Every structure is written in structure tokens, then in C-alpha cells.
Amino acid sequence: MSQLQSKLDELTRLSESDYETNKTVTIFQYFDKIYTLTYSTSNFQTLIDALLQKEYAKLCYPILKRIHTDVFLTEHRWHISYYLIHSLWNYTDKSNAICTAVVDAQLVPMLIYNLNHENYLRNFSSNDAIKKLFDMIVSILHNIAQVPELVNHLRQHQCLEALNRLIPIVGSHNIFLRGISYLTLAYIIREDERIYLTNSNESIPYLVDLLSRAVTNHERRSNGLETRELCKGLSKLSVADNNKHKISAEGKLLDSLLNMLEQHTNTQEQISACILIWSLAFDPNVRKVYHDHKRLNEILHNIAQTASNDELRRSASGCLCTLMGGPKPPASKASPTEKTDRNVMISYNHDNKQLSKQIKEHLVADGYNVWIDLEKMHGNLLDAMSDAIENSSIFLMCYTEKYKDSPSCRLECEYAYQRKKHIVPLLFQPNYKPDGWLGIIVGTRVYVNFAKKPFETAYSETLSELQALNTRTEKKPTISPPNKPAPPPPEPPRSAPTQTAAATAVANETLASRTSPPPNTLVHLMSQFRMDKASEPMPISVTTLEKMSLKDTQHLLGEHGLDKFLPMFVDIDGPKLLKLFEIKHKAPQCYYMLIKEKLDQMPQEAKDRSHISTFNTPKSTTTAPTMAQFLQLMLALDKLADRCAFK
């Protein structure tokens, strides 16, 4: 390690005339070799800290810029390229900070340039040096892609397109490269881009096959790919609900996962297997198959009861809970803790523990009771989680891409949604736009951007939102049933024939179904039908909607007969309206429930001013929306949605 600082200084002092000499070869050979010498020793973190402090990635930039357009032009160029890129592969594999440094140093465009090099692609199958170059570059991209904050950088430099072009050329010539390319794509693509992995229906079977080979290898690898990284890649793909069945349908998968769970030498491998099973179990068909698998359940129960590792025990418990259909609401409404509007649960991914803890401390100082698993969830973690949600009125959702990927976070969030808690989204990741299940939950809710704003500003907005929720709840009146006697039952016509007992039962059942509809019947029915369009007005383009301000959107809603409901849409601009219609398209049941919830929350005086009821119903009898109000709102929104060129 004594030589490290002198080598970093030597690299700093290199002149342009040295860039393609043996001197530079020797320097990068040293940085490649020292990784092997210090890895798994106490000196390794010292090495990483020194590379970050001296900005090793930035020192690589001028040299790689000089030679990257043709790394095979001379022997010196190739040797420098090899040791430089190989060292970056090693360091990015072990440090997210080095991944960020590589991105900040603008090395990614030069790496991707080589993946797109026509001559290299043309000669790939016959040139081992090109194969090695591509192995190293894609491995670096794979390491970077696992840092969610860096994914947009890869996308901006056409990493997705480069890999999609590379995979067919690789074919069967390089199993490692094809596998690592699929895994990298898994971290880069969005849910609406699954075509990049399913065009040939080969990606998921290919990765599952590699996993099945790895679990039977004594090194727990297949062609250089570890069981854990293969399982993590499949877990990332399984976050998309459309992929869950495709992954679970692979015959070799479950045997491989059972193998990973039953080995007791690698806890991280067991955790990765649990996470994949847990994620897949959110699909009801997969859940039934896994729930009925006796051996799987026995293994999970054993791990949940005996594992010494907290994360492993929690993951196994989460699998079992989800296989049973998720947390069960309490049998009675009684709660051991007094439920008030100042009870808050904070749901977060552990990568954001410090910021979540900071929010918790501020809320406690402002008089809120806060549940967060930093300190409260001991013993049975899932019971503690469900109790925390039951005893809270407000659910703070601290979301990032990793939050979306986490089955634990999904279990918490969906249970809070099911229990109709006030969900307040807090964005923790810059430029992140949620899709899939999380996009539906966030929907058109107003979120607080902790990723972009100073903490005090974002916290102040959060506090204002909580206070607004409290105010709305306090103003909600309690309605007593009308003090009127029930009308006597109608007498049957004297001329009617006597009914049989069976016919009477059917009639009574029909009458009951008409007078006492199950909860959310109206919402369900609205999600099942679509009104025929009488005409085809001029469509509104997505581009137009995306540019619309709050004022423009209010005007548009008014033009479509929604002026009486504008208080519901006071914070909706064009992009948010577009998101609302996207939810309608992808999850109509959720969409109609969301609209009904917003209508329920609209102030009574606003509903009264709408004058939309033509039945002389006393206004003071209820604060719930009438059938006529709900239908008028939905028909007007449907007509507007039909005008939007959204698919």
C-alpha cells in the first residue's frame, strides 16, 4: 500500500506524450493487480478511499479519450485499454461510489462507443480480444446499472440500444457476455419496454437455465455468473407483473430456488432466493402453486423460525405471509393503541434509512406518533408492520426505484392502500417516475420531492399536507340516520298465486341484493363498461397535455362539463391528468375507486352548489355523493379521456 500514493501521483503527472507508452501500461497494470492483492483484506477500503480521493476515474479520462476510437491500433493501446478497463470492472463491482465516479468522469460514452464499433461487431466471433473487451465493458455497465440513480445516464447514452443490438451477434459464441447483457438490460428497461427482453422469448429461459447450472456447480457459478447475481436479475425482471408467470413457468426454476434455500453456507444466496419467491408470489396464480408446494413451505417455515440472520428471517416470513394472501385485517375494530390523526407510519427502503429517520425525528418533535422499523418492530416483524398500519391514520411512502423493487415495501404499501389509509408519497430519488404497481398507487396524489428540494423545505411541505389531512378529517361530519319510521312492507296482490318456499327465498334474495349492494359495487360496475361515443371530436395529443399548466387544465375540464367538480382537480395539471388516464387504461378498478375517493372528500358545500340532483332530495341528509353525481362526473371524464390520444 506504500506504493499506492506514488502511483496515483505518477498517473496525475502523465503528459500527453506518455499516453501510449510502456510507462502508462505499467501504471494501469499496477492498479489492476493491487485489487487482487488487497481484496478481502483490511486494506481494501483504504484502496477504494484513495482512488476516490485522487479521482482515479477522472485521471483515466484523457488517456481513454485518446485511444478509445481504436483500441487495437497498436500493442500499447490494447494493453493500456485492457488494464484500465479491467481495473474499472473490478472496482465498480465492489463500490457504488466508484460507479458514480465513472459516470461523473464521462467514461460511459467511450465504453459504449466500443460496443457499437462496426468492425468489432463484424469480427466478434473470430477475435478473442474483442470478446474480452466486450466482456469487460458490459460488466462495468452491469455494475453501474445496479445503482438506480445512474440508470438514466446509461439510457441517455443509448446503452439499451447497444445491448439490444449486441445480443443477437453474441449468439452462442459467449455465454457469459450474453447472460450479463440480459442482466444489465433487466436493470435498465422500464416496464413498458419489456420487448427488449421478450422479442425472442429467450431471455428469461436463458437466465433460468444459467441459474440451474450454477446451483449444481461447486463454485455456485455458471460461465462466470454467480447464483446470487442471476437470482437478483430475475428478481428485477419479476417486479413487472407481466413477467411473474413467465419466470415461474420455467420448470427448472423452483428446483434451483429450493437448492439455494437448503444450502446453509451462503446467507446472501438464501436471501436472494427468498426475495425472488416473494416477488413472484404477488401473482395470484403463482401464489397458489407455491402455497400448495409442501416442501417449499416447510423450508420457509424452518428459515423463518430458526435463521440467525435478521434479513433472511424477515424475507422468509414475508414469503409465507404473501403466500397466505397478505396480512389479515383484525377481526374487530378494537385496537390496543388509541387511533388519532397524529399517528403516522413511515414506509421506506433501507437504503434511505438516514433520511427517513430524520423525517421521523422532526415529526416526533412536532407532536406526531411515528411508527418506523428503526426501533418499534421487534419479534414478529410482519405482525408489527400490520399493527403499525392499523394504528396509523397516515402512511408516509418514501419511494425510490428500490422501494418499488422491494417485495417488503410492496406488501406494506398495498396493505395500507387496502386499509384506506391516507397515503402521502415522498420522492427520495432524483428524476424517478414510478410505473407498474407503484405508479398506480402514487397515481395523481401530490408528492413531496425530497430528492430535489432542501430538507427543511420538503419537510415543511410534508407537514402542511399532514395538517391539511387532519383538517379535512376533523371537518367530516358524523351523520345520524334519519329519524323516520320504516315504511310497512307492501302487501302482495290478492290475485297473485301463492308462492312456494323456494320462490319466496329467491324473491327475498333478489330484494336484498337490490336494497343492500356490496361495498364498491358502483365502482366495480363502472370499471366494466364503456359508453358508446356519439361523435368523434378533435383528439387531444399527449404532447399538448404534457404542456398544459394548472390554469389550462382547469379550463379544459370546465369545457367538458366538469366545472362543478373543479375543487377535486385543483392541483391537477396536464401531465397529472395524463397520468390519471394512464391509470384508467391500465387499472380501471383502481381508477374508479380513486375518483370516488376524491369525490367523497369534496366539500359538501361544493357538492350542493353543483345542483346536479333533479330529485327533490333534502341536501342535509348525507355527505356521500349521489348516484347522479357520480355518474355525471364519470361520464364527463370518460368523454375527455376518449379525446386524449392515449394508448
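In this predicted model, helix H4 takes up residues 56–67, twelve in number, and runs 17 Å from its first C-alpha to its last, close to the 16 Å expected at 1.5 Å a residue. Buried in H4 are Tyr-56, Ala-57, Leu-59, Cys-60, Ile-63, Leu-64 and Ile-67. These residues span an arc of only 150° around the axis, so they sit on the same side of H4.

Thr-24 is buried, with a relative accessible area of 0%, and its side chain reaches the backbone oxygen of Asp-18 at 2.6 Å. Leaving aside neighbours within four places in sequence, Thr-24 is in contact with Leu-14, Asp-18, Tyr-19, Ile-63 and Ile-80. Of these, Ile-63 is one of the buried residues of H4.

Now for the cores. The largest nonpolar core has 143 residues, and those touching the most other members are Phe-31, Tyr-56, Tyr-91, Phe-134, Leu-253 and Met-397. Helix H9 (residues 128–145) gives the most to this core, with ten residues. At least three residues come from each of domain 1 (202–325) and domain 2 (343–472). As for Leu-253, its contacts beyond four places in sequence are Val-208, Leu-211, Leu-234, Ile-247, Ser-248, Leu-276, Leu-280 and Tyr-290. A second, separate core of 29 residues includes Leu-577, Ile-583, Tyr-591 and Cys-644.

Definitions and conventions: Residues are numbered from 1 along each chain as its sequence is written. This is a predicted model: local features need pLDDT of at least 70, side-chain atom pairs count only at pLDDT 80 or more; totals for chains, interfaces and linings use all residues. Side-chain values use heavy atoms; hydrogens and water are left out. Helices (H or I, at least four residues) and strands (E, at least two) are DSSP runs, numbered from the N terminus. The expected span of a helix is 1.5 Å times one less than its number of residues. Buried means under 20% relative accessible area, exposed over 50%, partly exposed in between (1.4 Å probe, protein chains only). The arc is that of the directions from the helix axis to the C-beta atoms. A nonpolar core is a set of buried Ala, Val, Leu, Ile, Met, Phe, Trp, Tyr and Cys residues joined through side-chain atoms within 4.5 Å. Domain bounds come from an automatic or database domain assignment. Contact means heavy atoms within 4.5 Å. A polar contact is a pair of N or O atoms within 3.5 Å; within protein, one must be able to donate a hydrogen and the other to accept it, and residues adjacent in sequence count only if both atoms are side-chain atoms.
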